[in-house]
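Student: I would like to learn how to read the features of a model such as this one. Please take them one at a time, with the general idea and then the case.

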Amino acid sequence: MLSRRIIPCLDVRDGKVVKGVRFRDHVVMGEIVELALRYRDEGADELVFYDITASPEGRSVDRAWVERVARVIDIPFCVAGGIRSVDEARAVLHAGADKISVNSPALERPALIDELAAAFGVQCVVVGVDSLRDADGEWRVRQYTGDPSRTQALPRRTLDWIVEAQQRGAGEIVLNCMGSDGVRQGYDLEQLSAVRALCQVPLIASGGAGTPAHFLDAFAQADVDGALAASVFHSGAIAIPELKHWLAAQGVVVRQEQGHD
Amino acid sequence: MSVVLVDAGGTNIGSVRYALQRLGADAALTADAAAIRAADKVILPGVGAAGPGMARLRQLGLVDVLRSLTQPVLGVCLGMQLLCSHSEEGDTACLDVIPARVQRFQEHPGLRVPHMGWNHLRARRTHPLLAGLGEQDWAYFVHSYAVPAGEYALATSDYDGEFAAVIARDNFHGMQFHPERSAQVGARLLKNFLDL
């Protein structure tokens with residue numbers, strides 16, 4: 001049976017892992033390879049690396065650390081950050097990433113999703129969506145969220161974008177609910193459930209994990225395939241082995257195995 | 001022992017190569033027919049679509065080379081599918097060294113395609129490639145097409161029914177999942193292949 005995935009997210013800035021609160025005020029959490037190995041050893045099912053300043057600065061992800069991670073890591077990992085073309089995506093995949101995730105560049109030019117899916121297959125094309133509820137009650141997407149001074153609200157409705165992204169060839173959707181990000185009050189179950197109803201590809205919840213029960217809620221109530229979190233893992237507030245053990249006891253199918261020697 | 005990775009444009013070549021390095025095997029990346037014929041072990045990686053994958057092998061003049069190999073060959077993910085007779089993906093005729101047909105998972109409410117994530121491997125036959133495989137071992141899958149469980153399936157996995165996770169016929173072997181990304185279980189199975 002397919003397991004539900006626990007996915008630590010590592011925001012990368014200037015070659016270090018950082019974490020902000022509501023996408024602002026970043027502090028350095030540690031070295032990329034060191035944290036990647038730690039999470040691998042703890043039983044993470046997958047890792048996501050976001051080069052959070054690549055897109056606002058108009059550059060692609062730095063491939064040197066992608067290759068360093070690929071050499072030592074034996075679980076899948078996804079890389080995001082300013083990938084704007086098939087050639088840039090190919091370079092990141094060749095450096096050893098298993099999947100690439102596109103967010104702002106796909107909003108700039110949605111045909112990028114079609115091109116990536118045609119070149120590499122939908123299975124390695126992830127579309128990241130940063131979404132926030134507006135005053136009128138609609139969820140809409142945000143662009144360039146890695147840099148608060150450049151973050152833009154777009155007229156595009158989140159639910160419309162989820163449908164379009166799949167039609168164009170997204171093989172997985174990561175939904176970052178910005179309103180709940182970094183504040184540890186739980187995933188946005190209402191928004192995740194609304195997106196789940198329209199999402200036929202794997203859906204990953206992002207933003208808001210604070211307790212093990214929040215992960216259970218995302219799996220049991222919003223039926224997401226994976227749950228992504230950063231600060232609770234980086235800070236040690238939640239340890240992945242204990243989280244998985246507890247989720248299994250609640251009836252969630254999770255991968256559990258012995259750690260590395 | 002010499003191991004070659006067939007460079008057919010697959011994007012996971014780097015990851016497979018690093019996984020082999022972690023096992024102490026330095027695999028050369030090549031599309032050269034003579035180098036492939038001379039190797040002790042041949043690995044055909046590949047992420048992408050069947051049609052372009054076969055087109056690339058034809059362009060490189062490797063179709064007959066690969067079909068005629070007698071040393072152990074391992075296809076990974078798309079590489080495994082290319083060893084089969086035919087893929088529904090783009091209605092593509094493949095290498096036909098394992099008589100099996102590759103079919104698409106049919107989406108329906110509750111079944112998400114691609115099949116992406118960790119799933120259990122279940123051994124169906126005894127084979128040195130599966131040495132040491134436990135009953136509750138997990139492997140990492142990312143695919144939308146699969147070979148239904150049949151006579152060449154050494155191990156299966158379950159996603160809307162059983163499909164072949166590991167297949168073999170004579171010297172040709174395939175793994176639908178990514179051993180290079182399946183933690184210790186994957187490393188064990190790759191080591192088993194190197195030890196064949």
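Tutor: Start with Asp91(B), which counts as exposed because its relative accessibility is 60%. The scale calls a residue buried under 20% relative accessible area, exposed over 50% and partly exposed in between, with a 1.4 Å probe and protein chains only. This is a predicted model, so local features need pLDDT of at least 70 and side-chain atom pairs count only at pLDDT 80 or more, while totals for chains, interfaces and linings use all residues. Residues are numbered from 1 along each chain as its sequence is written, chains are lettered from A and ligands numbered from 1 in the order in which they are written, and side-chain values use heavy atoms, with hydrogens and water left out.

Student: Where does Asp91(B) sit, and what is its phi?

Tutor: Helices (H or I, at least four residues) and strands (E, at least two) are DSSP runs numbered from the N terminus. Asp91(B) lies in the loop between β5 and β6 (92-93) of chain B. Its phi is positive, about 45 degrees, although Asp91(B) is not a glycine. Arg184(A) is another non-glycine residue with positive phi, near 60 degrees. Arg184(A) belongs to the loop between β10 and α7 (189-196) of chain A, and its relative accessible area of 31% makes it partly exposed.

Student: Which peptide bond involving Pro114(B) is cis?

Tutor: The bond from Val113(B) to Pro114(B) is cis, with omega near 10 degrees. Pro114(B) is in the loop between β7 (98-104) and β8 of chain B.

Student: How should I read a nonpolar core?

Tutor: In soluble globular proteins, nonpolar side chains tend to be buried together. A nonpolar core here is a set of buried Ala, Val, Leu, Ile, Met, Phe, Trp, Tyr and Cys residues joined through side-chain atoms within 4.5 Å. The largest one has 80 residues, and those with the most contacts inside it include Leu47(A), Ile173(A) and Phe215(A). Helix α8 (residues 212-222) of chain A supplies the largest share of this core, 5 residues. A second, separate core has 37 residues, among them Ile13(B) and Tyr159(B).

Student: Which residues of α8(A) are buried, and what covers them?

Tutor: The buried ones are His214(A), Phe215(A), Leu216(A), Ala218(A), Phe219(A) and Ala222(A). An α-helix has 3.6 residues a turn, so residues three or four places apart point the same way. The cover includes β1 (5-13), α7, β11 (203-206), β12 (226-229), α9 (231-234) and α10 (240-249) of chain A. After α8(A) comes Asp223(A), with a positive phi near 55 degrees.

Student: Is Glu172(A) buried or exposed, and which side chains does it meet in polar contacts?

Tutor: Glu172(A), in strand β10 (residues 172-177) of chain A, is buried because its relative accessibility is 2%. A polar contact is a pair of N or O atoms within 3.5 Å; within protein, one must be able to donate a hydrogen and the other to accept it, and residues adjacent in sequence count only if both atoms are side-chain atoms. The side chain of Glu172(A) has such a contact with that of Arg5(A) at 2.9 Å and with that of Lys99(A) at 3.1 Å. A plain contact means heavy atoms within 4.5 Å. Leaving out residues up to four places away in sequence, Glu172(A) touches residues including Glu46(A), Val126(A) and, in the other chain, Met116(B).

Student: How do I read the interface between the two chains?

Tutor: Buried area is the accessible area (1.4 Å probe) that two parts lose on being put together, summed over both. Chains B and A bury about 3000 Å² between them, 53% of it on carbon and sulfur atoms. The contact takes 31 residues from chain B and 44 residues from chain A.
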